[in-house]
Amino acid sequence: MKKISILWVDDEIELLKPHILFLEGKGYTLTTAQSGQEALEEVTEHTFDVVFLDENMPGLSGLETLSELKQKDPLLPVVMITKSEEEYIMDEAIGSKIADYLIKPVNPNQILLSLKKNLENSRLVSERTTANYQQEFRKIAMDLSMVNSHEAWAELYKKLIYWELQLEAIEDNSMFEILESQKLEANNQFSKYVEKNYRDWFEEEEGPIVSHTLFKKLVRPELGDTPTLLVVIDNLRYDQWWAIEDVVTNFYRKQKEIPYYSILPTATQYARNALFSGLTPLEMEKRHPDWWKNDTDEGGKNLFEAEFLGAQLKRLRLDLKWEYHKISSLKQGKQLVQNFKTQRDNDLTVVVYNFVDMLSHAKTEMEVIKELAGNDKAYRSLTLSWFKNSPLLEIIQQAQALGMKLIITTDHGTINVKQPSKVIGDRDTSLNLRYKTGKSLTYNEKEVLAARQPENIHLPRINVSSSYIFAKNDLFFAYPNNYNHYVSYYRNTYQHGGISLEEMIVPFVVLEGK
């Protein structure tokens, strides 16, 4: 392995001989310079992995030398060493993107720690993360054999996401492949759990918080003296929330994070309408036939969310001043940003933001998005990049300035589908790739959860003999006609509507302004 090369710049370099001998004994290569000018000449002629730079030197000062070094090589790590504890020197050095800041007198172990932190950090973190996951792997495997409650499944899913983010940061492909196999097994077991228990979830005291109980159980208790902004980001998976969380918490402090479950189908017309109405799809069809549309009905399926919410607020006897906004374009987002101050007098402002849903559809239809979001890591990265530059972030910043409480949630998640599952249906069968509803459906029974009596899971029927099927794990439905083209087109795209941890277990987060 190549030795790490250090340039140490100090006008009293002879006093540092013990430190230099210590580092050489640890296998580092040392070059010394006694002035800023000498240091610049060395950097011009040779390549160094790190520079230790004395702040107080005659001629070019440490800060002046630092500026020159950064112009020559912006990525060169520089550790500033100084006797001074004056704040302005720290500010100047940190503002110039130093790697570390040490106060004299420094001992050899401080120097060694700084080197390891800046030059060997990736290797040490990688080794420790790999070792920790190897230990955790056995525990997760044991948990998978025993987990049998909705709370335990939510915790296990969050643990898998945590390790996914840890392992992708160190880019250890071998460990990542092991984790992927664990996620696959987890989804297999989760599908069996849902198949066995989903019907019981509608007994309100037994099941988890689900789409149609979310507002009553989690949102309503947060409504009070403080104006509240409720943001529903369509299709926001748990890992995508964690990807944008650090940006949100620049302005807000997290108070609660509660996983809840999307109902089946994990699709917008079912889950989001249920969220705003506080009703199951079957109840929506019966109580509000003018607002509810089945899969085969003409027209948009989520056109009456505001009306559904108004009816729920009335049913809950909540006398609030509220407004509802749906954002489906950049123009709409910018318009709300411009007018957001008018929301300060509302008790509740609801914003539905559709970007992540559009992103998942664009990945299916546009080659460039397929390249940019080829896997979950890239999908998270694209979500973060959008959020940092979106009107939604400006809306959140304005809400913080206006003293509003913030709630962020979603209707359901998505899963990257990998394997086709053949299905046959008539021309009135619904088009979604992760669930189907219609009559005379033919399918592989091992690969789906079938609901032959939809009313048992509170779903409406399109006709007397229609049923529902939901794809498990990362499967997607494909018709035998033109099968190979269909499979090639939809494989490795993000879909929703079926049964998976990614689609069903989603975040509900309450935050207060900093």
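# Briefing: sheets, core and voids

Helix 18 is followed by G403, whose phi is positive, near 75 degrees; helices (H or I, at least four residues) and strands (E, at least two) are DSSP runs, numbered from the N terminus. This is a predicted model, in which local features need pLDDT of at least 70 and side-chain atom pairs count only at pLDDT 80 or more, while totals for chains, interfaces and linings use all residues. Residues are numbered from 1 along each chain as its sequence is written, and side-chain values use heavy atoms, with hydrogens and water left out. The protein holds 20 helices and 19 strands, and its C-alpha trace spans about 90 × 50 × 40 Å along the principal axes.

**Burial and contacts overall**

- Of the 514 residues of the protein, 53% count as buried, where buried means under 20% relative accessible area, exposed over 50% and partly exposed in between, with a 1.4 Å probe and protein chains only.
- Among contacts (heavy atoms within 4.5 Å) between residues at least 6 apart in sequence, 73% join residues at least 24 apart.
- In helix 18, which covers residues 391-401, the buried residues are P391, L392, L393, I395, I396, Q398 and A399.

**Nonpolar core**

- The largest nonpolar core has 95 residues; such a core is a set of buried Ala, Val, Leu, Ile, Met, Phe, Trp, Tyr and Cys residues joined through side-chain atoms within 4.5 Å.
- Helix 7 (residues 150-170) gives the most to this core, with 9 residues.
- The residues with the most contacts inside the core are W153, F190, V194 and F470.
- Leaving aside neighbours within four places in sequence, W153 is in contact with L144, V147, A186, Q189, F190, Y193, Y261, L501 and I505, a list that includes F190, itself named among the core residues with the most contacts.

**Sheet with order 2-1-3-4-5**

- An open sheet of 5 strands has the order 2-1-3-4-5 with parallel pairing, two strands being paired if DSSP finds at least two bridges between them.
- Its edge strands are strand 2 (29-33) and strand 5 (100-103), each of which pairs on one side only.
- Neighbouring strands of this sheet are turned by 20 degrees against each other on average, direction ignored; the axes are lines fitted to C-alpha atoms, for helices over the stretch in contact, and angles run from 0 to 180 degrees between N-to-C directions.
- Strand 1 (residues 5-9) runs parallel to strand 2 and is joined to that strand by 5 bridges, with S5 standing opposite T29.

- Strand 6 (residues 228-233) is mostly covered, with 6 of its 6 residues buried.
- T228, L230 and V232 point one way from strand 6, whereas L229, V231 and I233 point the other way.
- In a regular strand the side chains alternate between the two faces of the sheet.
- Strand 6 runs parallel to strand 9 (residues 348-353) and is joined to that strand by 6 bridges; the bridge partner of I233 in strand 9 is Y353.
- Strand 6 also pairs in the parallel sense with strand 10 (residues 405-409), over 5 bridges, and V232 stands opposite T409 there.

**Sheet with order 14-12-17**

- An open sheet of 3 strands has the order 14-12-17, with mixed pairing.
- Strand 14 (442-443) and strand 17 (475-478) stand at the edges with a single partner strand each, so one side of each is left without a neighbour in the sheet.
- Strand 12 (residues 419-424) and strand 14 run antiparallel and are joined by 2 bridges, with I424 opposite T442.
- Helix 19 (residues 483-490) packs on this sheet, touching strand 12 and strand 17, and the direction of the helix makes about 145 degrees with that of strand 17.

**Pocket and cavity**

- On a 1 Å grid over the protein atoms alone, a cavity is a set of points where a 1.4 Å probe fits but cannot get out, and a pocket is an open set with protein on both sides within 12 Å along at least five of seven lines; lining residues have an atom within 4 Å of a point.
- The second largest pocket has a volume of about 430 Å³, a volume being the space filled by probe spheres set on grid points that are joined across faces, edges and corners.
- This second largest pocket is lined by 23 residues, of which F176, E180, K183, D376 and K418 lie nearest its centre.
- Helix 7, helix 8 (173-197), helix 17 (376-388) and strand 11 (415-417) each supply at least two residues of that lining, and helix 8 gives the most, with 6 residues.
- There is 1 cavity of 30 Å³ or more, and the largest cavity has a volume of about 40 Å³.
- The largest cavity is lined by Y157, L160, I161, E164, K183, R237, D239 and E502, with helix 7 giving the most to the lining, 4 residues.
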